[in-house]
Amino acid sequence: MNNSTETHRKQTTSYEGCSQEKRLEAGSNERVQSVSAALPKERNGEKADSSNLMEKILAAPNLNKAYKRVVGNKGSHGIDGMSVDELLPHLKRNGSQLLKDILEGNYKPQAVRRVEIPKPGGGVRLLGIPTVIDRMIQQAITQQLTPIFDPGFSEYSYGFRPGRNAHQAVNKAREYINDGYTWVVDIDLEKYFDTVQHDKLMSLVARKVQDKRVLKLIRAYLNSGVMIDGVISKDDKGCPQGGPLSPLLSNIMLDELDKELEKRNHKFCRYADDSQIYVRSRKAAKRVMESITVFVEKKLKLKVNARKSAVGRPWRRKFLGFSFYSRKGEVRVRIHPKSIKKIKGKIKALTSRSKPWTMKYRFKKLKQIITGWVSYYKIADMKRKMRELDQWARRRIRMCYWKRWKKIRTRFKMLRKLGIKEAKAWKYANTRKGYWRISNSPILARTFTNQLLKKLGYFSFTERYAQATNT
């Protein structure tokens, strides 16, 4: 969808990893142009007026940006089965009617598709996947609401905000601990995204949004329901985690908690629904836990998970996958053991000898996993841990190769090819040792060297860590 000055501009989208040029001047293009042309010009320095917010949401540049974001993120389909590849053809056929329905208040969002994601510590995280059309509309709303709400958010809120990230939250926590705030109040909200009260949330949104059409559309998304086993379930609470709008609505809701903590002059960090408050003593920590629990449950109408929330030392707690330790009188960042266990679980699944995947595919996926994981945890002291993970991952890879050489003749042939003398090759080709045990034997360690595995395609933790930290 383009405005009148960009009718023939091409837009790059990505399908199946290949870049293709697609035009967005769909059949609805004229409608988008007319909406865009009717928008009043905002003067520099003038405070943004949210009374005509719907027109800004549906303006061509904003919709184009939302479309590219949704396509770029790819993601799974919603309950209608439409993939991101099918979004553009659909907009060409139905874009005009879609905009008309939204402007007139007749658009009805579809229910989200329930997806269960296993949690490392047990249990599942419930996600709600909207249709790609609803994802694009939600993204367009988010792009216009963010400049309205984000400037007023707390300085100590780091999740899903422009220019802010988990690293900043962890470093701020480390700063508090180094300043002597060595007790932490770790607050976990029980099923937060499933328990948000719609009326409470909408009242907070309405404080800064005057356009009632936008409020009605946001309410429609909250009330769209969840499809489970073919049945749509609706409730007056819950904000399904999985859509582009959910993180912003989460921050709007929990900004009330941030403001209360600031009013009490507490040292705290919040990332989405993960909050930690830092104090100087155990007594103070217990007092804060009790009072904040009352505030959350009485004022915000949310539930504090008593089983997971706790008072303790920061180096014994987990914050965004990290933890802390003391070295030479200074508090430093480390990776929490549960995070190590989680990455090993992913690699173990990818290098399972029961999977029929090719080694090329395994190496490709390993590189993706290692690259993303190290990029996230790079602020921690983990050089030695990287070497340990590499040793373990290489052993998993050797096991995969040994499994592929099922027959004695194949094992003998491959060992000879790798430079093992004939007698030794026959001895190991006929071994009855298990796959995991043989993967750590001297014969495979000498043949599948680190250099050979790198040549075959293994991208190591150590190599990625050196890149990420420039060491």
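**Why these helices and residues are described as they are**

Me: In this predicted model, Ile370, Thr371, Trp373, Val374 and Ser375 of H13 meet Phe461, Arg464, Tyr465 and Ala468 of H20. How many nonpolar, polar and charged residues does the contact of H13 with H20 have?

Reply: Sorted by class, the contact of H13 with H20 has six nonpolar residues, two polar ones and one charged one.

Me: Why does Glu463 count as partly exposed?

Reply: Glu463, which has its place in helix H20, has a relative accessibility of 27%. Buried would mean under 20% and exposed over 50%, so the value of 27% puts Glu463 in between, as partly exposed. The C-alpha atoms of Glu463 and Val374 are separated by 10.0 Å, while the two residues are 89 apart along the chain.

Me: What makes H8 roughly perpendicular to H10?

Reply: Helix H8, residues 198-206, packs against helix H10, residues 246-263, at an angle of about 90°, with 10 Å between their axes. Since angles of 65 to 115 degrees count as roughly perpendicular, the value of about 90° makes H8 roughly perpendicular to H10. On the side of H8 the contact is made by Lys200, Leu201, Leu204 and Val205, and on the side of H10 by Leu249, Ile252, Met253 and Glu256. By class, this contact of H8 with H10 has six nonpolar residues, no polar ones and two charged ones.

Me: How do you know that the buried residues of H15 are on the same side?

Reply: In helix H15, residues 408-417, the buried residues are Arg411, Phe412 and Leu415. They cover an arc of only 100° around the axis, and therefore they are on the same side of H15. On the other side of H15, Arg409, Lys413 and Lys417 are exposed. Among the elements that cover the buried residues of H15 are helix H14 (383-404), helix H16 (422-429), helix H17 (435-438) and helix H18 (442-447). Gly419, which follows H15, has a positive phi, near 100°.

Me: Why does Lys191 count as exposed?

Reply: The relative accessibility of Lys191 is 60%, and exposed means over 50%, so Lys191 counts as exposed. Lys191 is found in the loop between strand S5 (183-188) and helix H7 (192-195), and although Lys191 is not a glycine, its phi is positive, about 45°.

Me: What does the secondary structure of the protein chain come to?

Reply: The protein chain has 20 helices and twelve strands, and buried residues make up 47% of its 471 residues.

How values were computed: Residues numbered from 1 in each chain as written. Predicted model: local features only at pLDDT ≥ 70, side-chain atom pairs only at ≥ 80, totals over all residues. Heavy atoms only, no water. Contact = heavy atoms within 4.5 Å. Helix = DSSP H or I, 4+ residues; strand = E, 2+ residues; numbered from the N terminus. Nonpolar A, V, L, I, M, F, W, Y, C, P; charged D, E, K, R; others polar. Buried < 20%, exposed > 50% of the residue type's maximum accessible area, 1.4 Å probe, protein only. Arc of directions from axis to C-beta. Axes fitted to C-alpha atoms, helices over the stretch in contact; angles between N-to-C directions. Parallel < 35°, antiparallel > 145°, perpendicular 65-115°, else oblique.
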